[in-house]
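Please look at the structure below before reading on.

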Amino acid sequence: MRLALIRQRYTPFGGAERFIERAVQALERNGASVTLVTRSWGAPSQRRLLIVNPPFAGRLWRDRSFSRGVQTLLQHEKFDLVQSHERIPGCDLYRAGDGVHAQWLDHRLKHAGWGARLATRMNPYHWYVCAAERAMFEHPRLRAVICNSKMVAREIGARFAISADKLHVIYNGVDLEHFHPDRRSELRRNSRLGLGWGEHDIGFCFVGSGFARKGLATAIRALAASGRHDLRLVVAGHDRNSASYEEMATKSGVGKLVTFVGAQRDVRFVYAAADCLVLPTQYDPFPNAALEALAMGLPAIVSDQCGAAEVIDHGANGWICKPEAIQPLGRLMCDAADAIHADGNGLNAAARRTAEGFGIDRMADQMIRLYEAQLVHNEIDHG
């Protein structure tokens, strides 16, 4: 099987890139020949790379020029299947790892002032992305959409003229050996010492880039609202406004309880130090961090606007919160801390059992079956 995977830029800390790397390894073990089509791939790769890097100015022309360049390239390069992680009309398969842009805008503007609403609605970039999204989902060549949660499948089906049988829910896969409770045990003592946490402190971790969408402001303010001095928060991820969130923590009175460690190539030390993941996201199709944390044996607090809520059994392996609900989240963090004190081992074991249902080989098997089904359709269509 000759498979092309399209991703515009490689970010070593990005969830999509971690997904691609794990998926490609599994696919290659099953005999697939994979070519990466990209504008820039900033990490060493032994795989075939096709670089599409036309000049641009601004993110609108960045995305538009890359889309046009890829469409031109695919007229000359022949693949059995083309899977895109970007909104490019004319691909065979699309992985909706970023969800639906229009849906995200709805969530973003729900509590925004009139000025922010006007600026967003007049922004040509958002117009372009929404138009490209519709053109892609409703393109006659599109055979299948890989949705990483039922939430995303519902949103796509509700917003676009697309057949329901094209929507396939394949949850993210996690490397169950790399993210393992044994690694947590090995790293835990030094990780907590490095963060300056005491033996009896309860540590929460926030892992993800793009702090506004992931709900970091809510997490910081909820920590302050909890009134507890034995709770800690470590933040791992990249955001260009990181300094403003550090200032927010200080002004909220929890500056000494929150530690920012930046983007990490290996986030296991963060999970090892923590007792619970907290991601009160405004909108997130399914963050890899949720499965990684569960695999390490961490219960997780996620919002009901996050696809990971579909695998959380409230009170058993984690908790579900409302996005931007500061006081309720503060109380929930207290409840989580008390539950961890009372039965931390039980929560850890339940979290790990959940993750074991989402191993990367399982995900790869589902994707291989989907690819094979599409290849059969191709053969039928071409006689």
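## The nonpolar cores

The largest nonpolar core has 67 residues, and Phe-204, Cys-205, Val-207, Leu-216, Leu-233, Tyr-271 and Ile-301 touch the most other members. A nonpolar core is a set of buried Ala, Val, Leu, Ile, Met, Phe, Trp, Tyr and Cys residues joined through side-chain atoms within 4.5 Å. Buried means under 20% relative accessible area, exposed means over 50%, and partly exposed lies in between (1.4 Å probe, protein chains only). Helix H13 (residues 326-355) supplies the largest share of this core, 9 residues. A second, separate core of 31 residues includes Val-70, Ala-96, Val-100 and Leu-142. In soluble globular proteins, nonpolar side chains tend to be buried together.

The contacts of Leu-233, beyond its neighbours within four places in sequence, include Trp-197, Phe-204, Leu-216, Ile-220 and Val-278. Contact here means heavy atoms within 4.5 Å.

## Basis of the model

The model is predicted: local features need pLDDT of at least 70 and side-chain atom pairs count only at pLDDT 80 or more, while totals for chains, interfaces and linings use all residues. Residues are numbered from 1 along each chain as its sequence is written, and side-chain values use heavy atoms, with hydrogens and water left out.

## The chain as a whole

The protein chain contains 14 helices and 13 strands. Helices (H or I, at least four residues) and strands (E, at least two) are DSSP runs, numbered from the N terminus. Of the 383 residues, 55% are buried. Among contacts with a separation of 6 or more, 70% join residues 24 or more positions apart.

The C-alpha trace spans about 65 × 50 × 35 Å along its principal axes. The radius of gyration of the protein chain is 21 Å, which agrees with the value near 21 Å for a compact globule of 383 residues. This radius is taken over C-alpha atoms, and the globule rule is 2.2 Å times the number of residues to the power 0.38.

## An enclosed helix

Why is helix H9 (residues 216-226) described as largely enclosed by the rest of the structure? The reason is that 8 of its 11 residues are buried. Leu-216, Ile-220 and Leu-223 are among them. The buried residues of H9 pack against several elements, including strand S8 (202-207), strand S9 (231-236) and H13. Gly-227, which follows H9, has a positive phi, near 70°.

## A loop residue

Glu-324 lies in the loop between strand S13 (318-321) and H13. Although Glu-324 is not a glycine, its phi is positive, about 65°. Glu-324 is partly exposed, with a relative accessible area of 35%.
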